[in-house]
Amino acid sequence: MKYGHFLVAFGSLALAAAPLRAQEQLPADSMEIGRKYTTWFYMAMTDSLIAHMVDKTGISSDQIMQSLDQLTEHAGHEVSVVEEKFITRNGKRQYWRTAQFDQLEEPLLLRWVITPQGEIDGLGLGPLSQAPPIDPPK
């Protein structure tokens with residue numbers, strides 16, 4: 001599979017995000033929130049995802065469905081979670097879910113930007129080997 005074509009489909013899911021202040025914290029159940037958003041994505045619950053986005057007009061149900069269709073076509077279905085963690089990237093907290101899919105050898109990395117209010121402020125997906133850089137620890 002050629003990742004370049006696959007990744008282009010997910011480029012449309014990037015949402016504009018406002019910078020977080022250093023003192024802002026994620027909700028205590030942030031890991032569960034990240035898991036819930038991932039489940040909603042896999043189950044095509046587009047209205048639920050859009051209802052929890054900071055910019056509810058930034059993406060359509062059709063765009064989410066198109067990205068999910070691309071994921072399923074090229075990667076298949078998630079078969080196991082390799083790792084879940086929170087990182088900081090560009091000053092924003094992100095839930096990173098590394099998972100193995102049944103049609104790929106390399107794990108994929110699903111990234112949700114989650115605000116202190118628990119809303120979605122961005123989404124990314126791509127091969128683990130192409131993970132974007134994270135902020136250095138403070």
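**Contacts and overall layout**

I began with contacts (heavy atoms within 4.5 Å). Of those in the protein chain between residues at least 6 apart in sequence, 56% join residues at least 24 apart.

A note on ground rules: this is a predicted model, where local features need pLDDT of at least 70, side-chain atom pairs count only at pLDDT 80 or more, and totals for chains, interfaces and linings use all residues. Residues are numbered from 1 along each chain as its sequence is written, and side-chain values use heavy atoms, with hydrogens and water left out.

Next I looked up the secondary structure, taking helices (H or I, at least four residues) and strands (E, at least two) as DSSP runs numbered from the N terminus. The protein chain has four helices and four strands, and their pattern along the sequence is α-α-α-α-β-β-β-β.

Then burial: I call a residue buried under 20% relative accessible area, exposed over 50% and partly exposed in between (1.4 Å probe, protein chains only). Buried residues account for 43% of the 138 residues in the protein chain.

**Aromatic pairs**

Rings of Phe, Tyr and Trp (its six-membered ring) pair if their centres lie within 6.5 Å; planes under 30 degrees apart are stacked, over 60 edge-to-face, and the rest tilted. My search of the whole structure gave six aromatic pairs. One of them is Phe41 with Trp112, edge-to-face at 6.5 Å centre to centre and 80° between the planes. This pair links distant parts of the chain, since Phe41 is in helix 2 (residues 30-42) and Trp112 in strand 3 (residues 108-114), 71 residues apart. Both Phe41 and Trp112 are buried.

I also checked Tyr42 and Phe101: their ring centres are 6.2 Å apart and their planes at 85°, so this pair is edge-to-face. Tyr42 lies in helix 2 and Phe101 in strand 2 (residues 92-101), so the pair ties together parts 59 residues apart in sequence. Tyr42 is partly exposed at 27% relative accessible area, while Phe101 is buried at 4%.

Ring pairs link Tyr37, Trp40, Phe41, Tyr42, Phe101 and Trp112 into a cluster.

**Helix 4**

Which residues of helix 4 are buried? I found Ile64, Ser67, Leu68, Gln70, Leu71, His74 and Ala75. Seen down the helix 4 axis, they fall within an arc of 155° (taken from the directions from the axis to the C-beta atoms), so they line one face of the helix. On the other side of helix 4, Asp62, Gln66 and Glu73 are exposed.

My last entry is Gly76, which follows helix 4 and has a positive phi, near 90°.
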